[in-house]
Amino acid sequence: MIDADVHIPNPRLRDLYPLLPEHWVEHFNNTVDKGASQEYYPPRSPVAGRRGGLEELREAVFDQGGAELAISSCLYAVDSVHNPDVAAALAAATNDWQSREWLEQEPRLRGSVVAPIQLPAAAAEEIERCADRPGFVQVLIPARTEHPLGSRLYHPLWKTIERSGLVAAIHFGGAPVMPPTPTGWPSFFLEEYTAMAQVFATQLTSMIVEGVFDACPDLRVVFLESGFTWIPSHLWRMDKEWRNLRRLVPWVRRPPSDYFREHVRVGIQPLDAPPDPAHLGEVVDQLGSDDLLLYASDYPHVHACDAGDLLFRLLPESLGRKIRSENARSFYRMGG
Amino acid sequence: MTVALHEPSTTPSVLKAGTGPDRPPIIDCDFHNELDSIKDLYPYLSKRWRNHLETFGIRHPNSGYYPRFMDHREEARPPSGRTPGSEVGFAREDFLDPYNVEYAILNPLSPVSSALDLELGAALARAANDWQIAEWLDPEPRLRASVVVTPQDPVAAAAEIRRCGADGRFAQVLFMGRLQEPMGRRRFWPIYEACVETGMHVASHAFGAYGHPITGAGHASYYIEDHTSPPQAVQANITSMVVEGVFDRFPSLRMISVENGFAWLPPLIWRLDSAWSLLREEAPHLERLPSEVISEHVYVTTQPIEEPPRRQDFLNLIEHFGDLASHILIASDYPHWDGDNPDVVLPSGLDEELVKGIQCENARALYGL
């Protein structure tokens, strides 16, 4: 089994001190700036999970969870930092810390490059710096961004990711200055959490219609913690829009759902399941391909139901096998 | 390879045989009565505001303008050359009669509701509603109207709702989809109070913009993104109304999603229920599952209808609605370019009762027609 989404905790600032240039150590010591202060989840809410070390992760993910490999990410919100130099320095130190404290310590663990996505050029530099390090298999991109991810501002970044051979992992979260919905700031995190599926839908639309996948035919994207039961209806809508309006984006030569199935994979946790399991089976079938879903535990975050449990009981054995490991192995080109 | 479920919609002006009074009636829940220009409202405005429009014009937050390649179906243009949908006489002949429309709900999309000058907005809203009464409701008894308001000024909006409510021919209050704040927020509650008092519901119509980017991830680039994204705003608005407890406070209020398609509703319900079970401590005032609240209070119109590649997917979608299928309402979006032709919009072979409900009976029950 390959677990496509586990989390290592945010570094504490003092974890980064040995890895930061002296100037920044002095800056953090002598000012009230203590690094990225935003969180993608209210820190004490049930979804935030508890802070655990490597031993805890080993036990939960590999020993009890039964994963042979796990792809981790650290959700340190460098995208929330306005100061560009601080954002870039924190990202670099976080990646060095991930290498040293996690990836080098545990050969079954893979990692995600943290990059200051609000500064596409700096993000590309950081990705190039880390791309060949052992353990890194993807770049972490928070779902909420200041501009939709298909924007021309990000095209050089997509080229860099494609060239680097890394996967682009778009993950729940993000802390840009914009409200998380097109109709302003909601009162509750519960709403923001619900609306995140729509943010993923927006990003998918944007990347396809702006021609990202035409410009980068080898680009691979994984959606993590996005849910997937919203996807079929969004594909129907996008395909209909393309039939009507493709003259506005003539470089999009195939129905958007084709691009999705070719370039995007989706982690199964959280599973926003219909109450009737038969309906869940229909939704999985409506995705239109057996290659799309990746087993993901989202350790150590808590969810409403255990996605793996539900799906493996419901789906045919052969599809279950693909979701457990084959899809991830082939998408991440893990061999073996 | 994607195969269309049914043939691309023919235009409303090109009718199949046997249409007219012999065909089953429909209640169209999204019919657009259009202004040819703002000057159509001059007879209903005081001199002060006519002067204002002549010398300054209307200012809007400029966050959401994505030029379309066309607004309307050209064949819906009246012989006078005025904007399609701007003359009741021609609309009657071009659409209401041949489609045997028993009732149509008017949704005027005017530059009124997002005016930044709130006093101008209130004057324009009042004028737009008087225009609807005089030029649409009076000459055509099959029409019911939506109250035009400026939601960002809830006090003025509530007063206008009460004024129009006395007329008896207004069915609902019209919100655009993208607002300054999500629809559940307290600032809008005086509007819902007035709705409940006057027996009207509230509709959230696709598009609009009030200062924020049109997506939760910043400003999109193309009209195709603008045209794909309305489900995002309406889902945020439904979520907000449920989570803020609007329907607990105003139990007789119904919310109607207009021009957002409808296939997103079951997955939204699944996601909201799972979010609620996980995070309900944040909002302990929510005592019921969101799905229960939605199944009583939320309605959806069909257009632009989703067209899954396999017929079975559409049948499954209807099945996923369960009892909520009685909340699906047909809508044409006449006379806009992307409207659905009521003759071909639903795939053939659906259950007869279901079709009758969608075409007619669900709206009749909802609006008390």
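User: I am new to this structure. How many salt bridges are there between chain A and chain B?

Analyst: Welcome! Keep in mind that this is a predicted model. Between chain A and chain B, the count is five salt bridges. For an example, look at Arg243(A) and Glu307(B): their side chains meet in a salt bridge, at 3.2 Å from N to O.

User: Which elements of chain A supply at least two residues each to the side that touches chain B?

Analyst: They are helix 7 (189-209), helix 9 (231-245), helix 10 (256-263) and helix 11 (277-286) of chain A. Helix 7 of chain A gives the largest share of that side, 15 residues. Sorted by class, the side of chain A that touches chain B has 36 nonpolar, 22 polar and 15 charged residues.

User: How should I read the size of an interface?

Analyst: The general idea is that interface size is often given as the accessible area lost when the parts come together. In this case, chain A and chain B bury about 5900 Å² between them, and 62% of that area is on carbon and sulfur atoms. On the side of chain A, the residues that lose the most area to chain B are Pro182(A), Trp236(A) and Arg237(A), together 14% of what that side buries.

User: How many residues does each chain bring to the contact, and how many residue pairs are in polar contact?

Analyst: Chain A brings 73 residues and chain B brings 70 residues. As for polar contacts, 22 residue pairs between the two chains are counted, both partners having pLDDT 80 or more.

User: Which elements supply at least two residues each to the lining of the largest cavity?

Analyst: You will find helix 7 and helix 9 of chain A there, along with helix 7 (230-243) and helix 9 (265-279) of chain B. By class, the lining of the largest cavity divides into seven nonpolar, six polar and three charged residues.

User: And what is the volume of the second largest cavity?

Analyst: The second largest cavity has about 80 Å³. Residues lining it include Ser233(A), Trp236(A) and Val283(A) from chain A, and Pro266(B), Trp270(B) and Leu317(B) from chain B. Two or more residues of this lining come from each of helix 9 and helix 11 of chain A, and helix 9 and helix 11 (311-321) of chain B. The lining has eight nonpolar, four polar and no charged residues.

User: What about open space: how much lies in the largest pocket?

Analyst: About 1200 Å³ lies in the largest pocket. This pocket is lined by 45 residues, with Leu109(B), Ser110(B), Pro111(B), Met176(B) and Gly208(B) nearest its centre. Strand 4 (170-176) and helix 6 (223-228) of chain B each supply at least two residues of the lining, and strand 4 of chain B has the largest share, three residues. In class terms, the pocket lining counts 22 nonpolar, 15 polar and eight charged residues.

User: How many salt bridges are found over all chains?

Analyst: The whole structure has 44 salt bridges over all chains. One pair to look up is Glu106(A) with Arg58(A), whose closest N and O atoms are 2.6 Å apart. Glu106(A) sits in the loop between helix 4 (84-103) and strand 3 (109-114) of chain A, and Arg58(A) in helix 3 (residues 54-64) of that chain, so the pair ties together parts that are 48 residues apart in sequence.

User: Where is Glu225(A), and what is its phi?

Analyst: Glu225(A) lies in the loop between strand 6 (221-224) and helix 9 of chain A. Its phi is near 60°, a positive value in a residue other than glycine.

Technical notes: Residues are numbered from 1 along each chain as its sequence is written. Chains are lettered from A and ligands numbered from 1 in the order in which they are written. Side-chain values use heavy atoms; hydrogens and water are left out. On a 1 Å grid over the protein atoms alone, a cavity is a set of points where a 1.4 Å probe fits but cannot get out, and a pocket is an open set with protein on both sides within 12 Å along at least five of seven lines; lining residues have an atom within 4 Å of a point. Grid points are joined across faces, edges and corners, and a volume is the space filled by probe spheres set on the points. Helices (H or I, at least four residues) and strands (E, at least two) are DSSP runs, numbered from the N terminus. Ala, Val, Leu, Ile, Met, Phe, Trp, Tyr, Cys and Pro count as nonpolar, Asp, Glu, Lys and Arg as charged, and the others, Gly among them, as polar. Contact means heavy atoms within 4.5 Å. Buried area is the accessible area (1.4 Å probe) that two parts lose on being put together, summed over both. A salt bridge is a side-chain nitrogen of Lys or Arg within 4 Å of a carboxyl oxygen of Asp or Glu. A polar contact is a pair of N or O atoms within 3.5 Å; within protein, one must be able to donate a hydrogen and the other to accept it, and residues adjacent in sequence count only if both atoms are side-chain atoms.
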